[in-house]
Amino acid sequence: DGTVRSDAELVTRYRDLALQPEIEMAIDEIVNEMISYDSNEQLVELNTDALPAGYSAKFKERLREEFKEILRLMDFNDNGYEILRRWYIDGRIYYHVIIDEKNPRDGIKELRYIDPRKIRKVKEILRTMKGQLPVTKVRDEYYVYSERGYVSRGPQTDMTW
């Protein structure tokens, strides 16, 4: 209806809708179809078959190992249903990746969930003129986090430099 002015408002609206009994049942049904628990198998696997031929078997195996580590850090076998449900309702999901800055080769130490209402993507756009034609170039893209969240003040995803 045009009243939503920001991603944070949109996520809040989706969450409010998900509280309606009929919608909650439909969401549960959809998520149940997306994921099925079997104590003997992994919930998800990484399929590397579609990677271009240039990737070695060793690389593909390392990729699968790292994927398993991410699943372990997320405790996906125990929390998979809630993670998928949250993603389905919010339409997005963010995690803060924690690494040891003194020894980054040790890999990811922790993943922390971030409420999508408290983070926003920023694109720094450089606008110039080339003769009579305007030229737009993305200078940088990053995410900004605020513990208080973001209130709507119109479009906030583009910064012009």
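**Rings, pocket and core**

Author: Let's begin with Phe 59, which is partly exposed at a relative accessible area of 37% (the class between buried, under 20%, and exposed, over 50%, with a 1.4 Å probe and protein chains only). Tyr 55 falls into the partly exposed class too, at 39%. The model is predicted, so local features need pLDDT of at least 70 and side-chain atom pairs 80 or more, while totals for chains, interfaces and linings use all residues. Numbering starts from 1 along each chain as its sequence is written, and side-chain values use heavy atoms, without hydrogens or water.

There are 4 aromatic pairs in the structure (Phe, Tyr or six-membered Trp rings with centres within 6.5 Å; stacked under 30 degrees between planes, edge-to-face over 60, otherwise tilted). Tyr 55 and Phe 59 make one of them: their ring centres are 5.0 Å apart and their planes meet at 25 degrees, so this pair is stacked. For Tyr 95 and Tyr 113 the centres lie 6.1 Å apart with planes at 75 degrees, so that pair is edge-to-face. It joins distant parts of the chain, since Tyr 95 sits in strand β1 (residues 94–99) and Tyr 113 in strand β2 (residues 108–114), 18 residues apart. (Helices, H or I of at least four residues, and strands, E of at least two, are DSSP runs numbered from the N terminus.) Tyr 95 is partly exposed at 26%, and Tyr 113 is as well, at 31%.

Now for the second largest pocket, which holds about 160 Å³ of space (open points on a 1 Å grid, with protein on both sides within 12 Å along at least five of seven lines; lining atoms within 4 Å of a point; volume is that of the probe spheres). Its lining has 13 residues, and the closest to the centre are Val 44, Met 74, Phe 76, Ile 83 and Leu 84. Helices α3 (57–74) and α4 (76–90) each supply at least two lining residues, and α4 gives the most, with 4. By class, the lining has 13 nonpolar residues, no polar ones and no charged ones.

Several of these names return in the largest nonpolar core, a set of 14 residues (buried nonpolar side chains joined through atoms within 4.5 Å). Ile 27, Val 31, Ile 35, Met 74, Phe 76 and Leu 84 have the most contacts inside this core. Helices α2 (21–34), α3 and α4 each give two or more residues to the core, with α4 giving the most, 5 residues.

Beyond residues up to four places away in sequence, Ile 27 touches Ala 18, Arg 85, Tyr 88 and Ile 89 (contact means heavy atoms within 4.5 Å). Arg 85 belongs to helix α4 and counts as buried, at 13% relative accessibility.

One last stop is Asp 75, in the loop between α3 and α4. Its phi is near 55 degrees, a positive value in a residue other than glycine. Most residues other than glycine have a negative phi. At 34% relative accessibility, Asp 75 counts as partly exposed.

Technical notes. 1 Å grid on protein atoms, 1.4 Å probe; cavity = no way out; pocket = protein on both sides within 12 Å on 5 of 7 lines; lining within 4 Å. Nonpolar A, V, L, I, M, F, W, Y, C, P; charged D, E, K, R; others polar.
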